[in-house]
Amino acid sequence: MNLAEWSWVLGIPVLVPFAGAAISLLLARSHTGQRIVSLVALSIVLLDAIFIGYLSLSGPVTLDVGGWSAPIGITLVADRLSALMLLVSVFVTLCVLIYSFTQDLAENQRLPIAVFQPTFLILSAGVSNAFLTGDLFNLYVGFEILLVASFVLITLGSTRERIRSGTVYVVVSVVSSSIFLIALAMVYAAVGTVNMAQIAIRLPEIDQGAAQLIQVMLFVAFGVKAAIFPLHAWLPDSYPIAPAPVTAVFAGLLTKVGIYAIIRTHTTIFSDSDLNGALQVFGLVTMVVGIMGAVAQDDIKRLLSFTLVSHIGFMLWGVGIGTAEGLTAAVFYTAHHIIVQTALFLVSGLMERVGGSTSLVKLGSLLKAWPLLGVLYLIPAFNLAGIPPMSGFLGKLGLIEASVAHGRPLDYSLIAGGLITSLLTLYALMRGWSMAFWQPSEDEDVVKGHVPWTMTGATIALIVASLGLTFFTGPIYSYARGAAIELRAQAPYVVAVLPDAERGTGQSHTEAEEEQESPRTSPTPVVPPLQTPGGTPEASPSPQPSPGGDS
């Protein structure tokens, strides 16, 4: 398949949600019209994401936005990693959107639908932009889009608690963005570009101490957004206050954008990193500290927020191993966690709907009131804890096998920490199930009441998808392994974006005029040796037709 012919599809996940948001604002007086527009927009993006995933099987797909050649212009890139993250995120976003359609009927305080729908679409556009961009500054723009949209969503209803938690969230996010912006300035001063492929080519030429400082700065900026210990304290106080669909999409996606940014920069830019050990240490501490916080909680949303923090550590564990096997397990576990964690937060919204509270002390007898809800809680809970043969278990098994193959003392410490964390996750979630579903309620007359079918259906869809990860682990894990090999090789990404080593396939007006006067002859690419999956230098890649278009 000629990838260049289909490169335009990379713009759809960003443009369609923005267009949908604009139309949705025009339909502010028609809640039904807004819902239809949002549903159609995200459905189109989901179909497009599936097609992008298919295209990525043939190699990275690139789009030079506006025809401007990289590194001057903005380039969108879809390799296996970004395609997988895009597909999973759009599916989760669509499920949460459907869940939210009747959320205003399930709360005492109605959601301001006129604001919620367009903001939700803008959030989706920001997530897609972050996953697809091949430019560090455009990644920063994606984070800022997320920040603006998430602040509106987290403060919906304008209650005192939501305004307070939203303010904390914004302050922390602004600090993180400031660190990211400083790191961007350092990158540009050091190598003269913010295009990730060109940075990968030029970085070996600068002082390695400066390169390591840049990597540390980026890791801190992304670590705040991913809620890595000790940069996680804001999350458990911010997420539980928001409405259930907002909390669910935040838990499923926002922290994963931070993890994605760490994986992307750690492999595409800093392929010879000396920070693998540090990533593993942070992963270990994040796992243990996060789950200890979950064990101590008596509110289901706060409990799930701490498990969210804890299981970010598993992803760092895989990235820090520094091998294709470890990276494969990290990519698979990230996709698994997006779906399972979102499903658990949607279940918590159903629990609040039936029991009238998220406090485990006040809840009780939910199993008697609605047996199906108990099942909907148990399936993702077991999956998150890693009960065989679910996808959570298979992802953790991949991490353990990669660590055993690596064989350092720190790897065995991570194995022990991962097993302890999994056991404590099971304990915390089963304690929550016992208190909410099994123990007698203070109210003897707990009944199911009316639960909108959209809320139940969206939750079931996510749980079925999590089971699908288990039944189709073979092909999905194989796809993740292909993504890991592609990332470790580094060359496929660089050659796709910059087939001429220093220039992409787009064309500016000035260049077009110069070429009319003097036809341009493509130089032989001069690409420094890039790393193969085994860690040995690879010969400079030969020029290949770029998916972005013809020079």
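What share of the contacts in the protein chain with a separation of 6 or more comes from residues 24 or more positions apart? Such residues account for 81% of these contacts, a contact being heavy atoms within 4.5 Å. The model is predicted: local features need pLDDT of at least 70, side-chain atom pairs count only at pLDDT 80 or more, and totals for chains, interfaces and linings use all residues. Residues are numbered from 1 along each chain as its sequence is written, and side-chain values use heavy atoms, with hydrogens and water left out.

**The chain as a whole**
- The protein chain has 21 helices and four strands, which are DSSP runs numbered from the N terminus (helices: H or I, at least four residues; strands: E, at least two).
- Of the 551 residues in the protein chain, 61% are buried (under 20% relative accessible area, 1.4 Å probe, protein chains only).

**Helix 15**
- Helix 15 (residues 371-385) has 15 residues and should span 21 Å at 1.5 Å a residue, which agrees with the 21 Å between its end C-alpha atoms; the expected span is 1.5 Å times one less than the number of residues.
- Its buried residues include Leu373, Leu376, Tyr377 and Leu384.
- The buried residues of helix 15 pack against several helices, among them helix 12 (300-321) and helix 17 (409-438).
- Gly386 follows helix 15 and has a positive phi, near 90°.

**Strands 1 and 2**
- Strand 1 (residues 61-64) is covered on both faces, with Val61 and Leu63 buried on one side and Thr62 and Asp64 buried on the other.
- Strand 1 pairs with strand 2 (residues 75-78) in the antiparallel sense over four bridges; pairing requires that DSSP finds at least two bridges between two strands.
- Ala78 in strand 2 is the bridge partner of Val61.

Notes:
Buried < 20%, exposed > 50% of the residue type's maximum accessible area, 1.4 Å probe, protein only.
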